[in-house]
Structure formats: structure tokens, C-alpha cells
Amino acid sequence: MTTPVPDSVPDAALPDAALPDGAVPDAALPDFVGVLGGGRMGAGIAHAFLIKGADVIVVERDEQSAEAARERVESAAAKSIERGTTDGNLDEMVSRLSVSVDYDDFKDRQLVIEAVPEDWDLKVASLRGIEERLAAGAYLASNTSSLSVNGLARELTRPQNFLGLHFFNPVPASTLIEVVLGEHTSGPLAQAARAWVAALGKTAVVVNDAPGFASSRLGVAIALEAMRMVEEGVASAEDIDNAMVLGYKHPTGPLRTTDIVGLDVRLGIAEYLASTLGERFAPPQILREKVARGELGRKTGKGFFEWAD
């Protein structure tokens with residue numbers, strides 16, 4: 001979801017340089033990037049582009065959320081420098097970061113990535129709100145982990161300039177980005193997206209739009225079966241995860257990964273996949289009960305495991 005690059009590519013060095021439809025920016029990364037949503041995922045995406053030299057703006061719903069997003073991104077950038085995984089000066093980096101509560105601040109962006117929760121109506125409203133502010137040649141992406149890219153594209157006026165960029169949590173440590181192509185995604189945009197992923201120091205897995213794409217579909221299938229095994233008393237969550245880590249070389253087990261992703265997020269994806277792909281993706285009762293109790297994983301301190309941070 002490969003075609004030739006256009007013969008000529010306009011200069012995209014200035015924030016007000018409008019790109020014609022389908023044009024690929026000169027640089028491997030766009031100079032001016034926007035992110036809608038500054039939670040864990042949105043802040044991680046902003047951090048990924050910031051440390052590679054982009055000017056980044058994060059738009060949030062209110063001032064308090066915007067400032068919290070700034071703190072997340074700045075903290076992540078500082079940790080990258082401390083660990084030696086990123087070169088550069090923190091003050092210079094944060095000078096290229098801004099936060100806002102106004103969609104109009106996306107108007108000079110060459111690429112905007114939507115990173116709001118996995119709710120269809122919210123995604124559609126957010127994407128429409130971004131698109132109407134963008135220049136005709138700017139690109140728009142959704143960080144959705146399961147919702148139909150083709151379906152979202154049908155809600156937009158320039159579907160050729162839209163695709164899915166599915167980042168993985170935690171973004172700084174993950175080396176994968178799933179590039180999800182819609183049926184109308186332009187060839188130049190598909191090619192540009194591959195270049196962006198490489199410039200971020202990550203690897204692209206390119207898939208055509210389908211329910212759950214590749215990663216969520218496979219990851220959720222394994223996780224749901226692991227939950228059923230806990231529910232049936234086959235083994236403890238820790239032993240099930242250890243079986244996958246030690247036996248199949250997974251970096252983390254399916255249940256610990258679920259805790260990191262969020263049980264509420266996994267439940268939403270499972271319900272969507274069950275509605276599109278059938279009962280094999282029906283959420284187990286143990287998942288529904290944990291979400292109902294507020295046991296959402298790492299972000300609440302408890303899921304299938306206890307979390308101290």
C-alpha cells in the first residue's frame with residue numbers, strides 16, 4: 001500500500017513551499033513535520049523526527065495536554081543524548097519543537113501524522129481537520145494500528161496524499177514502521193515513505209490495506225490465544241511469555257507486550273478484527289474483565305503483570 005520519482009522535485013526547504021500533488025520532497029525527511037496527539041505514541045513519533053533534524057509541531061486538545069507533550073518529547077530527546085544514541089545539542093533540538101492547540105498551525109507542514117486514539121469517528125474528524133489546513137501537495141498519515149486506511153481515505157478529498165504509518169511502542173526503541181498503502185496512495189508517496197523510514201533509522205514493512213495489516217493481525221492473534229491459555233489455567237502469564245521469549249526468540253512475550261500496548265487498545269483492535277475477519281478474533285472474557293476493572297497494563301500499573309513505573 002514502486003513507481004518512478006517525478007523528473008523534477010520542487011524545493012521544500014522553506015516552510016511555505018507548497019508541493020504539487022504527488023511531489024516528493026528533496027530531502028529524505030520532510031523539513032517540517034506535524035503530529036496530532038502528544039500521548040505516548042505521538043510524543044514518540046515527534047521525538048523520532050526531531051532527533052533526525054526536522055522542525056516538529058505537536059498539536060493537542062488543550063494547553064495542559066500540549067505542555068505535557070512537550071515534556072515527553074524533550075525528556076525523550078535528553079535521554080537519547082545521555083545514552084549516546086543521538087548526537088547533537090539538546091537546546092538546538094528543542095528549539096525545533098513547538099506545541100499548539102490550533103489545527104491552523106499545521107498549514108506549513110509537509111507531512112502531518114495523526115496519532116489520536118483508535119476511535120473511527122475521532123480519526124475521521126481529526127484527519128479531515130488536518131487535511132483542510134494543509135497545502136495541496138502536503139502529505140497526511142495515520143498512525144492507526146488496525147483501522148482501514150482505504151476507509152479513512154474515502155473520508156478525505158486527497159486520498160492520493162494519504163497512507164498509514166504504523167509506528168510501534170516504544171517508538172525510540174522500535175526498529176519497525178509498518179507502511180500501509182491505500183488503493184489510492186500515490187506511487188511517489190509510497191516511495192517517499194520508504195525513504196522517511198530509512199532516514200529515521202528504522203525498517204519499513206510495506207503492506208496493502210487489510211484488517212489489522214500484518215503486524216496487528218499476527219500480534220493480536222498470538223496475544224488472544226495467550227489470554228485464553230491464562231483463562232483456561234494452562235499456565236501462568238509469566239510462563240506463557242517465557243515460552244515465546246525463550247522458545248521463539250520474541251523480545252517480549254505476547255502478554256507483556258499487551259500490557260505495554262494497553263489492554264484497552266488490544267480490546268478495541270480485537271473487536272474490530274472480529275467484526276471484519278470473524279470469531280477467531282473474538283476477545284476473551286479475561287480481557288474484557290480486566291479492561292472493565294481499569295487494569296489496562298503499564299499505563300495503569302497493572303494488566304497481566306504488575307508495573308512499578
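View 1. Glu183 counts as exposed, at 55% relative accessibility (exposed is over 50% relative accessible area, buried is under 20%, and partly exposed lies in between, using a 1.4 Å probe and protein chains only). This is a predicted model, where local features need pLDDT of at least 70, side-chain atom pairs count only at pLDDT 80 or more, and totals for chains, interfaces and linings use all residues. Residues are numbered from 1 along each chain as its sequence is written, and side-chain values use heavy atoms, with hydrogens and water left out. The side chain of Glu183 meets that of Arg154 in a salt bridge, 3.8 Å from N to O (a salt bridge is a side-chain nitrogen of Lys or Arg within 4 Å of a carboxyl oxygen of Asp or Glu). The two partners come from distant parts of the chain, 29 residues apart: Arg154 sits in the loop between helix 5 (149-153) and strand 6 (162-167), and Glu183 in the loop between strand 7 (176-181) and helix 6 (187-199). Helices (H or I, at least four residues) and strands (E, at least two) are DSSP runs, numbered from the N terminus. Arg154 counts as exposed too, at 59% relative accessibility.

View 2. Arg288 is partly exposed at 33% relative accessible area, and Glu271 is partly exposed at 37%. Elsewhere, salt bridges that share partners tie Lys290, Arg293, Glu295 and Lys302 into one network.

View 3. Glu132 is exposed, with a relative accessible area of 62%, while Arg133 is partly exposed, at 26%. Counted by the salt-bridge rule, the model has 18 of them.

**View 4. The buried residues of helix 9.** Helix 9 runs over residues 254-261, and its buried residues are Pro254, Leu255, Thr258, Asp259 and Ile260. What do these buried residues pack against? They pack against helix 7 (215-231), helix 8 (237-248) and helix 10 (263-277), where contact means heavy atoms within 4.5 Å. Just past the end of helix 9, Gly262 takes a positive phi of about 115 degrees.
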